[in-house]
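Reader: I am new to reading structures. Could you take one part of this one and walk me through it closely?

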Amino acid sequence: MLRQLCLGCLLVLTAGGLLTAQTLPTPADSTAALHGRVQTTEGTPVELANVVLLSAADSTFLQGTCSRADGSFALSPASPGRYLLQVSCVGYETQLRPTDGQGSITCTLQPVSTALDETVITARRPQYRLKQGGTLETDVRHSLLARLETAADVLARLPGVRGSAEEGFTVFSKGTPLIYIDNRRLQDVTELLRLNAADIDRVELVTNPGPEYDAEVKAVIRIRTIRGRDDGWGGNVRLVLTQNRRPGHAEQVGVNYQRGGLSVQASAYGNLSQERMGRDARYLIAPADGSGQTRDVRDSFDRRLKGHSLAASGSVDYAFNPRHNVGASYQFFRTPDLRMAFDSWYATMQPDGSPQERTDMTSHNLMQDTSHQLNAYYQGDAKDWHIDLTADALIGSSLDTQQVHETRDDGTARDIDSRNRSRNRLFAAKLILSHPLGRGTVKFGADHTFIRRRDRFLNPQDLLPTTDSRIDERKTAAFAQYVLNVGKVGASAGLRYEHARSRYYEQGILVPEQSRTYDDWLPTLSADFPLGKVQASLSYTAKTTRPSFMQLRTSMNYNNQYIYEGGNPLLQPETVHNVQLLLLWRWLQGNVSYTRRKNAIEFQSRDYEGDADVVLFSSANYPKQEMLDVSLFASPKIGCWEPTWGALFMQPFFSVMNEGVRRRLNRASVYVVWRNNWTLPGGWMLSLDASAQTRGDQGTARIDRFWAMDAAVRRSWLDGRLTLSLQGQDLWNTRRVNTQLFGSRLTYERQTRPDSRRFLLTVSYRFRAKAKAYQGKPAAADDLRRL
């Protein structure tokens with residue numbers, strides 16, 4: 001298997017090398033080719049600027065292209081001569097300059113004050129710009145966001161994004177996004193805690209991912225860091241002290257070096273996290289045969305979590321010249337001793353409310369995870385071709401051991417032990433080529449991914465079945481996209497084809513009914529246009545969501561005598577269709593989105609084979625689920641006060657069978673947020689934020705209302721290099737997500753006692769130069785997330 005994979009990667013690399021060899025300009029070619037870079041007055045690359053070559057005699061259109069993410073472009077006139085090069089981009093003055101069609105040109109665009117009045121709030125505010133395909137770009141470098149502590153703090157304050165590094169981030173109406181830092185896919189979202197906000201240039205929120213992304217990707221967040229302009233050493237040190245119900249701490253140190261085209265970065269991170277939370281639950285279990293009395297089971301637990309996390313990373317980039325770059329990065333992550341302890345009880349309740357058959361339980365879990373991820377890339381230009389070749393390798397393992405001791409009120413006791421070992425392997429490669437075509441750019445490519453996951457689950461008492469399963473998955477995809485810009489109007493159309501084959505083995509024997517083959521054709525369309533002074537983007541995407549390996553697992557967890565948790569190896573992928581309209585005017589942003597999910601994957605309860613009294617928590621496919629989302633955000637500036645008001649309206653259309661009755665889960669909910677920043681003299685900044693959500697339905701769940709409030713005080717010295725901050729999160733401990741779940745035989749109610757009130761004291765220091773950002777990106781972003 002590894003030999004076949006290596007051969008496949010070698011073929012891709014050889015094809016890229018042959019293409020480069022055939023199109024790489026010779027010295028004579030390079031004198032005839034016209035290439036260059038589009039940048040702002042501060043040296044920041046300008047992406048998707050229109051670059052047009054005109055005849056100097058009569059301004060006839062000859063060739064055209066768009067600048068890439070690094071601002072580069074390339075054109076190939078038929079021969080040297082007299083031409084005009086026209087460069088334009090929304091928000092900047094159009095530049096027209098003569099050229100003979102040879103050599104390299106750097107085009108520095110000047111801001112247009114009238115255009116900035118339409119799209120930029122002020123020079124001190126985050127500057128929002130709606131780019132090609134509905135990408136919302138936020139300028140962090142020249143805003144208050146640069147004075148926050150980490151990248152996680154920045155994302156939490158972006159319009160349309162909610163969450164935290166601990167809980168994960170979601171994009172309104174899209175779900176969990178893929179997050180990139182300089183084109184490198186994050187393996188762990190807590191990595192955002194290790195990136196300084198002051199090192200971020202801008203953040204791009206992509207709600208209409210093109211066909212180059214995996215079929216399951218519905219939203220992307222790209223963080224662009226500040227490129228270093230000076231050679232030398234640089235680095236940063238950060239110390240964080242946290243206090244929930246119990247204390248914790250985190251330390252980070254990073255160093256970077258740049259000299260000419262060489263850039264080297266390395267960092268190390270460690271933390272101790274502790275938390276304590278509680279939960280009260282009620283399970284209403286209908287009888288399996290439809291007759292008899294509903295069983296009322298109550299349980300309550302107190303959970304304690306404690307463990308260390310260790311991470312290290314390093315990257316090397318080398319630019320041979322402005323047209324050819326190579327690099328590699330390595331990421332290591334380990335949780336050596338994450339321990340979770342439960343003290344709980346559960347009992348069946350009599351009709352008068354008194355407990356019956358009470359069982360007290362203690363549970364101890366030890367979870368150990370280790371992962372190694374390697375990424376390598378080549379980016380280059382050959383004449384007017386742009387080549388992007390990447391490769392990924394990931395090796396990971398996890399071990400989860402559980403020891404449960406139960407004592408019943410009749411004096412009997414039993415032990416339930418389990419051990420689950422998982423091993424992951426991933427190898428992937430992706431090749432993307434782009435070339436000017438007419439007045440636009442065509443982009444096409446292919447990628448291949450191989451995944452192997454193995455789970456070995458053992459329960460010595462034979463209460464839960466012992467399993468030894470293996471999943472081998474191969475996925476091959478081809479994609480193409482054409483992007484066209486004509487004046488202020490832009491359009492793009494793309495198509496992705498994915499062939500995925502998954503084979504499921506139990507005890508080394510192929511299980512045909514649990515093995516799958518997927519073939520998906522997934523189109524994307526978008527149009528960008530002005531509506532008076534309003535920027536608008538209309539898009540359509542078709543995506544698929546395949547079951548995660550956790551949802552497909554055969555192993556089970558023991559919750560109590562009546563409730564087990566497990567996977568569903570028979571799950572089928574769901575298809576997601578989405579239509580979206582984005583609007584931007586000055587400091588107002590609006591979004592209307594309609595989503596239809598076919599074969600929607602949601603929670604479901606089902607009978608446990610062999611014991612009619614037991615219900616299994618699992619997942620299932622539902623015929624369809626629909627959702628309408630409408631959001632509006634306003635971010636004005638009033639003196640030293642910079643507020644953000646936002647609201648999201650969510651209307652689901654869904655129903656499930658619950659205890660023999662069709663239950664409609666169509667209750668709408670509204671989420672509102674009010675963020676406030678005050679900039680004060682002497683390097684001080686104050687923040688006070690509040691958010692709330694009304695009761696409503698999401699999938700098979702009904703979420704109760706909740707609200708929360710956060711506050712922070714920050715002070716910086718030494719031109720921002722030394723920063724001290726004190727933050728308070730969920731000051732009133734009210735971020736309690738109480739939930740009801742509705743299954744075929746089960747109604748589940750949960751009330752949480754969270755450990756969400758937290759105080760953080762952060763001290764950070766940055767010194768000297770910032771190295772050039774790592775340019776690699778993963779070849780299998782969504783598969784890394786699934787693992």
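Which residue stands opposite Ser526 in E29?

Author: Ser539 stands opposite Ser526. Keep in mind that this is a predicted model.

Strand E28 covers residues 516-531. Strand E29 covers residues 534-545. The two run antiparallel, and eight bridges join them. Together E28 and E29 form a hairpin, with two residues between the strands. Gly532 in this hairpin takes a positive phi near 70 degrees.

Now look at another partner of E29. Strand E32, residues 574-585, pairs with E29 over eleven bridges. This pairing is antiparallel too. One example is Ala536, whose bridge partner in E32 is Leu583.

How covered is E29? Nine of its twelve residues are buried, and the strand is mostly covered. As background, side chains in a regular strand alternate between the two faces of the sheet.

Pick out Ile223 in the model. Leaving aside residues up to four places away in sequence, its contacts include Ala151, Leu155, Ile179, Leu192 and Val203. Tyr180, Asp182 and Arg202 are also among the residues Ile223 touches.

In soluble globular proteins, nonpolar side chains tend to be buried together.

Leu724, in strand E43, is partly exposed, with a relative accessible area of 34%. A patch residue needs over 30%, so Leu724 passes that cut-off at 34%. Leu724 belongs to a nonpolar surface patch of about 810 Å². Other members include Leu239, Trp717, Leu761 and Phe767. Strands E16 (232-243), E43 (722-729) and E46 (758-768) each supply at least two residues of the patch. E46 gives the most, with four.

Terms used:
Residues are numbered from 1 along each chain as its sequence is written. This is a predicted model: local features need pLDDT of at least 70, side-chain atom pairs count only at pLDDT 80 or more; totals for chains, interfaces and linings use all residues. Side-chain values use heavy atoms; hydrogens and water are left out. Buried means under 20% relative accessible area, exposed over 50%, partly exposed in between (1.4 Å probe, protein chains only). Two strands pair if DSSP finds at least two bridges between them. Contact means heavy atoms within 4.5 Å. Patches are made of residues with over 30% relative accessible area and no salt bridge: like charges are joined within 9 Å, nonpolar side chains (Val, Leu, Ile, Met, Phe, Trp, Tyr) within 5 Å. Accessible areas come from the Shrake-Rupley method with a 1.4 Å probe; for residues, only the protein chains shown count as cover. A salt bridge is a side-chain nitrogen of Lys or Arg within 4 Å of a carboxyl oxygen of Asp or Glu.
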